[in-house]
Amino acid sequence: ARPGVPSRYVTARVAPLGSRLVLALVEDRTREKRVEEVRRDFVANVSHELKTPVGAIRLLSDAMQDAADDPEAVRRFADRMFTESERLGKLVQQIIELSRLQADDPLDAPVAVHLDDVISTAVDTSRMDAETKNIQVMVGGTSDLQVFGNEQQVLAAVSNLVSNAVSYSENDSTVLVTTRVDEGSVDISVVDQGIGIPADELDRIFERFYRVDPARHRSTGGTGLGLSIVKHVAATHGGEVRVWSAEGQGSTFTLTLPQHFGAERKTQEDSP
Ligand code: ADP
């Protein structure tokens, strides 16, 4: 960031599990109640979020019928119907992803996850969108790193970060995905030169269904669930996710996960 330009760091830190048994029992009850509340809120939010695109698709199909003899209007309505159904599809997919993550919480049988594979798959997932906007997605930093966790989850988190970086960047810009080791942890950073996030919104972007000014980027068809998935993955892995952002300059999201110190993968020359 340039000096004098306001920017902020926000950390979604994951607290260690409760320490004392007596307190733990009381906390357990409170936690159970909270979990139930969160679940109820989630169901209410999900139904609200699903009703919006479903309602829109229905209205658009009515409008298309009424405009049957105006091919230009029909084409416009069909375009919007396509956008709404894409959004609906993404919403359903992310809701399923989030509930899968919750079922796998805490992590069941963590293993070594090779970051090079995860990052290249994540970048591939956003390739079409990046090409459409002429955005160059570059990968750098330390290669051959492994983290300790669940591959599907790590992939979901990194894919969401890369896809956001592409969605919230202008045409002809660059997105960089880098990795580095820091005292037993691995930092995966996704850096963009995009629209950035207002400082007073940074605290909220990790909340489920929260979107910064949805009208500003309706066309990106976001769901507001991507970053809550990232935060959840950080939590189940005992890691964290941080964001730095300055409006009009770009954002950097850094996901920190525990390093796995397994044997490095054999290259082809190493194999007999
Ligand atoms: P969405 O599906 O809307 O992208 P997310 O949970 O992934 O939902 O992100 C929440 C909000 O945070 C987004 O709606 C967007 O306003 C903001 N955001 C996320 N990533 C970025 C980014 N790289 N640059 C600018 N804004 C971002």
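In strand β6, Asp-187 is the bridge partner of Arg-180, helices (H or I, at least four residues) and strands (E, at least two) being DSSP runs numbered from the N terminus. The structure is a predicted model, in which local features need pLDDT of at least 70 and side-chain atom pairs count only at pLDDT 80 or more, whereas totals for chains, interfaces and linings use all residues. Residues are numbered from 1 along each chain as its sequence is written, and side-chain values use heavy atoms, with hydrogens and water left out.

Strand β5 and strand β6 (residues 185-192) pair in the antiparallel sense over eight bridges, where pairing requires that DSSP finds at least two bridges between two strands. The two strands β5 and β6 form a hairpin with two residues between them, and Glu-183 in the turn has a positive phi of about 45 degrees. Strand β5 (residues 174-182) also pairs with strand β3 (residues 136-141), in the parallel sense and over six bridges; here Val-177 in β5 is the bridge partner of Val-139.

Aromatic rings of Phe, Tyr and Trp (its six-membered ring) were taken to pair if their centres lie within 6.5 Å, with planes under 30 degrees apart counted as stacked, over 60 as edge-to-face and the rest as tilted. By this rule there are two aromatic pairs. The ring centres of Phe-42 and Phe-209 are 6.1 Å apart and their planes lie at 25 degrees, so this pair is stacked. Because Phe-42 lies in helix α1 (residues 21-66) and Phe-209 in the loop between β6 and α6 (226-236), the pair ties together parts that are 167 residues apart in sequence. Both Phe-42 and Phe-209 are buried, a term that denotes under 20% relative accessible area, with exposed being over 50% and partly exposed in between (1.4 Å probe, protein chains only).

For Phe-206 and Phe-253, the ring centres are 6.3 Å apart and the planes are at 70 degrees, so the pair is edge-to-face. Phe-206 lies in the loop between β6 and α6 and Phe-253 in strand β8 (residues 250-258), so parts that are 47 residues apart in sequence are tied together. Phe-206 and Phe-253 are both buried.

A charge was assigned to a position over a ring if NZ of Lys or CZ of Arg is within 6 Å of the ring centre and within 35 degrees of the ring normal. Arg-208 lies over the face of Phe-42, at 4.5 Å from the ring centre, and Arg-76 lies over the face of Phe-77, at 5.9 Å from the ring centre.
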